[in-house]
Amino acid sequence: MQVVYSPAHLGHDIDTETVMGLGIPANEVAERAEKIRSALEADGGFDLTGPTDHGEDPITAVHDPGLVRFLEEAWSEARSQGIGRPFLAADTYPNRAMFEGMSPEAMERLVREPRHVGGRAGFWGLDTAAPLVAGTYVAARAAVDVALTTVDLVLGGQTAAYGLCRPPGHHAARAMYGGYCFFNNAAIAAHAITQATGERVAILDVDYHHGNGSQQIFWRRGDVRYVSIHADPERQYPFFLGRADETGEGEGAGENLNIPLAAGATNADYLEATDRALEAIAAVPGSVVVVSLGFDTYGLDPIGDFALTTDVYHEVGRRVAALGRRLVILQEGGYHRPSLGENARAWLRGAEGRDFDPLPSAGFSPGGAVAG
Ligand code: Q9C
Ligand code: ZN
């Protein structure tokens with residue numbers, strides 16, 4: 001399988017994130033993508049290639065140009081406004097109750113992006129878990145190019161291709177970044193596929209978290225069906241979207257399927273949810289599926305609470321490929337660094353109909369145990 005990778009992600013060099021006001025060692029770090037890259041290289045069955053530049057148009061086809069400008073300028077603005085912090089996070093968010101009683105027209109007029117960069121980060125951001133540093137914009141642009149190059153490979157005739165996107169994307173909405181995500185790589189890819197093929201496209205999101213951004217972007221669209229298996233937002237980020245009763249509106253009515261799972265979800269629970277998700281995808285026409293692939297469903301993931309093991313990734317990859325559609329597979333989350341490479345190898349080999357044997361050098365067994 002062809003793998004698209006760019007070293008530009010290394011510039012999004014994060015070591016701290018804030019969780020409920022406390023600085024903690026970051027989860028979404030460069031080592032994640034490097035672990036996956038080296039495991040795929042060691043496998044020998046994957047061809048790594050770099051992305052090609054697709055410019056800004058495919059991004060603004062999905063995102064507010066104001067978000068793009070903010071992300072481009074934020075770091076230099078922080079510096080020129082005398083903010084010497086190691087990373088940028090918001091000062092203040094516009095909580096909806098701040099505007100209670102105001103008409104939509106008044107809000108349209110009065111609620112706008114301020115000049116202060118801590119206010120700008122609040123205007124465009126969802127949470128404090130997506131620290132922005134000097135290389136973030138270039139890395140986020142490269143992740144989009146990785147996704148679009150993966151699309152090119154598949155539209156060019158490959159049955160499946162994998163984009164090693166970092167930073168991830170599925171929490172980023174039309175006019176919002178957050179949850180370690182800046183541009184929504186999968187949504188940009190899905191939209192580009194609809195434009196290139198005129199066909200309907202499905203997004204299968206198997207990251208542990210609900211892809212609120214992807215859901216938001218396609219909420220009213222009939223040409224992109226979004227299907228997600230994730231932790232119930234009642235207990236987990238992003239908390240305010242991801243429930244089963246969110247099904248889309250207008251042209252998009254019935255095109256959004258959320259499958260929330262309880263804490264402790266097992267391989268069997270997950271495969272049952274996978275079959276439901278695949279049924280919803282098989283029910284609509286189209287020849288391409290975009291997979292938002294996360295490994296934060298793994299039993300040892302530091303921020304997840306599912307109980308999946310490596311062999312179930314192989315089986316999920318196999319079942320997704322059994323749809324008989326072409327696959328644009330894009331990396332989202334997954335934070336247990338020792339297992340990421342093997343989990344990615346297992347999933348992708350499953351998707352290619354190849355068997356999976358753990359690499360001895362990975363110090364790793366498919367039952368989920370990690371040596372050391
Ligand atoms: N206790 C993705 O997996 N909250 N994003 C972290 C940790 C943000 C996850 C809190 C989680 C975002 C792409
Ligand atoms: Zn996630």
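Helices (DSSP runs of H or I, at least four residues) and strands (runs of E, at least two residues) are numbered from the N terminus. The structure described here is a predicted model, in which local features need pLDDT of at least 70 and side-chain atom pairs count only at pLDDT 80 or more, while totals for chains, interfaces and linings use all residues. Residues are numbered from 1 along each chain as its sequence is written, chains are lettered from A and ligands numbered from 1 in the order in which they are written, and side-chain values use heavy atoms, with hydrogens and water left out.

Most residues other than glycine have a negative phi, and most peptide bonds are trans. Another cis peptide bond runs from Arg166 to Pro167, with omega near 0 degrees, and Pro167 belongs to the loop between β5 (160-163) and α7 (185-197). Tyr180 also lies in the loop between β5 and α7, and its phi is positive, near 75 degrees, although Tyr180 is not a glycine.

The table lists polar contacts, that is, pairs of N or O atoms within 3.5 Å.

| Residue | Atom of the residue | Atom of ligand 1 | Distance |
|---|---|---|---|
| His171 | polar side-chain atom | nitrogen | 3.2 Å |
| Gly179 | backbone N or O atom | nitrogen | 3.0 Å |
| Tyr335 | side-chain N or O atom | oxygen | 2.6 Å |

The protein covers 85% of the 410 Å² of accessible area (Shrake-Rupley method, 1.4 Å probe) that ligand 1 has on its own.

**Two helix pairs**

Helix α3 (residues 65-80) packs with helix α5 (residues 117-124) at an angle of about 150 degrees, with axes 10 Å apart (lines fitted to C-alpha atoms over the stretch in contact, with angles from 0 to 180 degrees between N-to-C directions). That makes α3 roughly antiparallel to α5 (an angle over 145 degrees). Helix α9 (residues 267-282) and helix α10 (residues 310-321) have axes that come within 11 Å and cross at roughly 15 degrees, and α9 and α10 are therefore roughly parallel to each other (an angle under 35 degrees).

Note on methods: Polar contact = N/O pair within 3.5 Å; in protein donor to acceptor, adjacent residues only side chain to side chain. Parallel < 35°, antiparallel > 145°, perpendicular 65-115°, else oblique.
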